[in-house]
Amino acid sequence: MRVVVPFGVQSPKTRLAPLLVDDERRDFAVAMLRDVLDAVRDAGGTPLVLADAPLGEPIDAPVAVDDRPLTDAVNNQLAAGTPVTVVMADLALATPEALSRLFETAGDVVAAPGLGGGTNALVVRHPDFSVDYHGASIADHRRLADEVGATFVEVDSLRLAVDVDEPADFVDVLLHGAGRAREWVVDAGIHLQRGDGRVGVGRARR
Ligand SMILES: Nc1nc2c(ncn2[C@@H]2O[C@H](COP(=O)(O)OP(=O)(O)OP(=O)(O)O)[C@@H](O)[C@H]2O)c(=O)[nH]1
Ligand SMILES: C[C@H](OP(=O)(O)O)C(=O)O
């Protein structure tokens, strides 16, 4: 199964700026990308990194560079009309088992919703379906599938629902992660902060 993994090289993970400086955000984004690529391969997928600029470092997967905005770049990958799967590069909890379940779920379009309204992964088996990312995209994708007469199936998965966008997402990486991304977070001195029944993250001063 061809699996496109979009990766924003230019100023990645800007919402993590409260905790990470520019270089750290890039290094962390690459650590997540490497974990996702491993999980895709271990789930039987053949990954292609769809980057908005050259990565500038070796990566264990073919890379296609397309500097168009995310939606346009992914729709270009769908244009041939053959089945394509899209898995975002910031799914730090993704495992081969979770991805296999997604890949094996029947439907013209199979989605893994993200927390907060995004669309973290899509298996597209309908030639007329197109994507429209950002701004509660899961709702847009339900509508777009309906408009072309495609069935739309959603996979309920914690591991595919968590995409790391904001510092609070590090809580789930620390509690449920196991790969390079979690290792990077720990090495960066980011730790759980628990008090009065709430949990967040803090960072040890260097
Ligand atoms: N190819 C490509 N991938 C993108 C682009 N923008 C985001 N991505 C990737 O799409 C996925 C989800 O995007 P976001 O969560 O918005 O990622 P992001 O842009 O790094 O994060 P923010 O800067 O905080 O919005 C991630 O895997 C990004 O690497 C883009 O313009 N082109
Ligand atoms: C790509 C985008 O990610 P978000 O901006 O919602 O994190 C989406 O899932 O539509």
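Modeller: Helices (H or I, at least four residues) and strands (E, at least two) are DSSP runs, numbered from the N terminus. The structure above is a predicted model, where local features need pLDDT of at least 70, side-chain atom pairs count only at pLDDT 80 or more, and totals for chains, interfaces and linings use all residues. Residues are numbered from 1 along each chain as its sequence is written, chains are lettered from A and ligands numbered from 1 in the order in which they are written, and side-chain values use heavy atoms, with hydrogens and water left out.

Colleague: Let's start with the open spaces. How much space lies in the largest pocket?

Modeller: A pocket is found on a 1 Å grid over the protein atoms alone: it is an open set of points with protein on both sides within 12 Å along at least five of seven lines. Grid points are joined across faces, edges and corners, and a volume is the space filled by probe spheres set on the points. For the largest pocket here, that space comes to about 960 Å³.

Colleague: And which residues lie nearest the centre of the largest pocket?

Modeller: Lining residues have an atom within 4 Å of a point. The largest pocket has 40 of them, and K13, R15, L70, D90 and H134 lie nearest its centre. At least two lining residues each come from β1 (2-7), α1 (22-42), β2 (46-51), α2 (70-78) and β6 (119-124).

Colleague: What about the second largest pocket: which helix gives the most to its lining?

Modeller: That is α1, with four residues. The second largest pocket holds about 160 Å³ of space. Its lining has 14 residues, and D35, A92, A94, T95 and G179 lie nearest the centre.

Colleague: Let's turn to the ligands. Which residues come nearest to ligand 1?

Modeller: A residue is near a molecule if one of its heavy atoms lies within 4 Å of it. Ligand 1 has 16 residues around it, with G8, K13, T14, R15 and L50 coming nearest. R15 places a polar side-chain atom 2.8 Å from an oxygen atom of ligand 1, and a backbone N or O atom of P6 lies 3.1 Å from a ligand 1 oxygen. D90 has a side-chain N or O atom 3.2 Å from an oxygen of ligand 1. R15 and D90 are also among the residues nearest the centre of the largest pocket.

Colleague: On to the strands. Why is strand β5 largely enclosed by the rest of the structure?

Modeller: Buried means under 20% relative accessible area, exposed over 50%, partly exposed in between (1.4 Å probe, protein chains only). In β5 (residues 109-113), four of the five residues are buried, so the strand is largely enclosed.

Colleague: Which strands does β5 pair with?

Modeller: Two strands pair if DSSP finds at least two bridges between them. β5 and β6 run antiparallel, joined by five bridges, and V109 stands opposite V124 there. These two strands form a hairpin with five residues between them, and G116 in the turn has a positive phi of about 90°. With β7 (residues 152-154), β5 pairs in the parallel sense over three bridges; V110 has V153 as its bridge partner.

Colleague: Last one: is Q77 buried or exposed?

Modeller: Q77, in helix α2, is buried, with a relative accessible area of 13%. Its side chain makes a polar contact of 3.0 Å with that of R2. G177, in the loop between α6 (170-176) and α7 (180-187), is buried too, at 15%. The C-alpha atoms of G177 and A92 are 6.7 Å apart, although 85 residues separate them along the chain.

Conventions. 1 Å grid on protein atoms, 1.4 Å probe; cavity = no way out; pocket = protein on both sides within 12 Å on 5 of 7 lines; lining within 4 Å. Polar contact = N/O pair within 3.5 Å; in protein donor to acceptor, adjacent residues only side chain to side chain.
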